[in-house]
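Please keep the sequence and the structure in view while reading.

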Amino acid sequence: MKVYLHTFGCKANQYDTERVRQAFDQSGAAIVDDPALADLTVINSCTVTGESEVKLRRFVRHVAKQGHAQTIVMGCAAALDDGAIAALPSVRAVVANADPDDVLRAAGVEVGAQHAAPLPTGTRSRALLKIQDGCDEHCTFCATTLARGDNRSRSVAELVNEARALAEHHAEIVLTGVHIGAWGLGPGEQARALQAPTPRPQARSLGNLIEALIEAVPAVRFRLGSVEATEVDDTLARLLIEAPRHLAAHLHAPLQSGSNRVLKRMGRHWYTAESYRARIEWLAERLPVLGLGADIIAGFPGETDADHHASLTLLRALPFTYLHVFPFSVRPDAPAARLSGQLSPEVIRARARELREVGETRAAAYREHRRGQTADGVVTGRRKGQVEVMTQDYLSVYLDTHLWDGRPRFEVTVN
């Protein structure tokens, strides 16, 4: 069997797809890079925005026209499917999770022994390590928590073993999940920890986990995926400040809005614009280099001009180096779809454009500030005769291939 795999969405989805790819590889299937050559296409879906599902349906139809392949759709959109995905052309099955065994069964492949941890190969020197899945919070705009379920953490021993295996092939390991700051928390503990962070039992906080990983695998650089600003506890802050070779100086801290009124409507009860700003400023003052990113939603229901300008003001005040801007998108299963004050598409687009302009300005200014300075670089890929290198603060640097000595990690000058 020839199998083609395609991923929509986040790093957690990328990790899940890699596990499915390995499962097919171990079953004897051949992985191909063109759906026209495949007998089976497996698509890992995303439900974070309406546009992501539009792209999914478009891609499924495209695959159906390309050749004879049947399609399996798995992941978040699949978990919430009301039959619309299953009715698309050539769809063989809709798998409401990303479990490799379930996908193999849907493909008609006999399921054998437990699948090993994923070991991606190729020129990429960064690997993904999913430390948890699910989320116990219920942000009103989010359908992902409905699709992914409750917070579930993997054990320290399991993660250390997988990190050791990944370190044999990779110079950087990115910790990913749906809500990684909730790693180690049991039922009902996540909300309490977000509301009032307090020390947790040893090895039950994200900072403690990273300490264990660094001790076990000291040769690689770890990088945090998206983590709430309020979840950067003292242990995690200390590692960011004191262990730059082991933990990348990069924080992606979702903001979503700079207006407290909108944050409340979003169900993001564990922080305010003021507490977010205070934590970020405290960290930035102590880190000579910091890549700082955030997610922000444009045009949330009920957002006024004053709310929008509060977001713009906060974004300009903090040392962001990039932004991910999401125009508000109605998710039928999420509570925000039923909120009053839905804004017109024109207003949402205009506000998203303003937010993106701020992000582009901040990114250009930070790049110029870093130009000519040295950085700790890890190779992430090649393209058009060049090697792409990722710095600790999340900047991409490109070198001509003939200037690269083959090492996966080395000092680089930001250009």
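The term pLDDT denotes the predictor's confidence in each residue, on a scale from 0 to 100. The structure is a predicted model, in which local features need pLDDT of at least 70 and side-chain atom pairs count only at pLDDT 80 or more, while totals for chains, interfaces and linings use all residues. Residues are numbered from 1 along each chain as its sequence is written, and side-chain values use heavy atoms, with hydrogens and water left out.

The average pLDDT of the protein chain is 91, and 93% of the residues score at least 70. Over residues 113-123 pLDDT is under 50, and the model has 28 contacts (heavy atoms within 4.5 Å) for them beyond four places in sequence. Over residues 197-202 pLDDT is likewise under 50, with 9 contacts beyond four places in sequence. Where pLDDT is low, the predicted coordinates should not be read in detail.

As to overall form, the C-alpha trace of the protein chain spans about 55 × 55 × 45 Å along its principal axes. The radius of gyration, taken over C-alpha atoms, is compared with a globule rule of 2.2 Å times the number of residues to the power 0.38. For 415 residues a compact globule would have a value near 22 Å, and the 21 Å of the protein chain agrees with this. Of the 415 residues, 53% count as buried (under 20% relative accessible area; exposed is over 50% and partly exposed lies in between, with a 1.4 Å probe and protein chains only). Among contacts with a separation of 6 or more, 73% come from residues 24 or more positions apart.

The protein chain has 13 helices and 17 strands; these are DSSP runs numbered from the N terminus, helices being H or I of at least four residues and strands E of at least two. Two strands pair if DSSP finds at least two bridges between them.

Within helix α1 (residues 11-26) is Arg21. Its relative accessibility is 23%, and Arg21 therefore counts as partly exposed. Beyond its neighbours within four places in sequence, Arg21 is in contact with Leu5 and Ile31.

Another open sheet contains 4 strands in the order β16-β15-β14-β17, with antiparallel pairing. Its edge strands, β16 (396-400) and β17 (409-413), each pair on one side only. Neighbouring strands of this sheet are turned by 50° against each other on average, direction ignored. Strand β14 (residues 374-383) is joined to the antiparallel strand β15 (residues 386-391) by 6 bridges, and the bridge partner of Val378 in β15 is Met390.

Notes:
Axes fitted to C-alpha atoms, helices over the stretch in contact; angles between N-to-C directions.
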